[in-house]
Each structure stands twice: as structure tokens, then as C-alpha cells.
Amino acid sequence: MFVFFYCFFLPYLNFGLRSSCDGLPLIYCKSRGLTRAFSQILRFHFREAIVYNPFSIKIFSFFLFQLVARFFINCIISFPIFKKVLIFDISLSVISFLFCFYNLILPY
């Protein structure tokens, strides 16, 4: 949840922190612009988000999915099925992570 709050309030905060990716081409720093892109996605400016980082919408969807999944799983969890829910949750999280971060994991 912190990711969403931070990215939403980013334009109003003036930290002045520079990214270590500034000036590097996207091929060397695939995560460049993700915070600014997340901020744009939270404001429903999807085209601007893609300009900041072409992988931003997939990565944002992972965090959104995880947030919703945490709430849902905490609501349905009960002791007799705890192990099954846990295995399902871990499996689904790993699959969604690999799908959403696929472009960042692969080398050039």
C-alpha cells in the first residue's frame, strides 16, 4: 500500500532525489521512470506512464493484484484450509511476478 501512497503523493513531495538511472538508455536501466509512471497510472494518464517506462503498466498491475489478493486472502482464510490457501497464494504470486516482471528479469 505504501507504493500506491508514495506514488500518488509524489508530485506534491519535493525530495530532489535523483535516480541512478538518469542518463542511461532503457536497455541498461529497465526500471527507469517507474515511480513517475506509477504516479501517472494512479491519475489514469496511461500514455504518459508508458512514455516514462514501457513496462510500467504490467509492473503496476502486479502490485495492484497483490494488494487485492492480500485483502481477499485475509478474508477467506480459515484454519482447516490454511495450507491449501497458502499454496495457492504462493503459486499465483510467483506466476504473476514472472509474468509482470518478465521484461525486467531478462538480460538485454
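Serine 39 is buried in this predicted model. Its relative accessibility is 3%, and buried means under 20%, so serine 39 falls in that class. The residue sits in helix H2. Leaving aside neighbours within four places in sequence, serine 39 is in contact with Cys7, Leu10 and Pro11.

Now take the core. The largest nonpolar core has 13 residues. Phe38, Ile41, Ile59, Phe60 and Phe101 touch the most other members. H2 supplies the largest share, 4 residues.

Residues up to four places away in sequence are not counted here. Beyond them, isoleucine 41 touches Phe46, Ala49, Ser56, Ile57 and Phe60.

Next comes the packing of H2 and H4. Two packed helices are described by the angle between their axes and the distance between the axes. The axes of H2 and H4 come within 10 Å. They cross at roughly 70 degrees. H2 is therefore roughly perpendicular to H4, because angles of 65 to 115 degrees count as such.

Which residues make the contact? From H2 come Leu34, Ala37, Phe38, Ile41 and Leu42. From H4 come Ser56, Ile57, Ile59, Phe60 and Phe63. The residues of this contact divide into 9 nonpolar and 1 polar, with no charged.

Key
Residues numbered from 1 in each chain as written. Predicted model: local features only at pLDDT ≥ 70, side-chain atom pairs only at ≥ 80, totals over all residues. Heavy atoms only, no water. Core = buried A, V, L, I, M, F, W, Y, C linked by side-chain atoms within 4.5 Å. Buried < 20%, exposed > 50% of the residue type's maximum accessible area, 1.4 Å probe, protein only. Helix = DSSP H or I, 4+ residues; strand = E, 2+ residues; numbered from the N terminus. Contact = heavy atoms within 4.5 Å. Axes fitted to C-alpha atoms, helices over the stretch in contact; angles between N-to-C directions. Parallel < 35°, antiparallel > 145°, perpendicular 65-115°, else oblique. Nonpolar A, V, L, I, M, F, W, Y, C, P; charged D, E, K, R; others polar.
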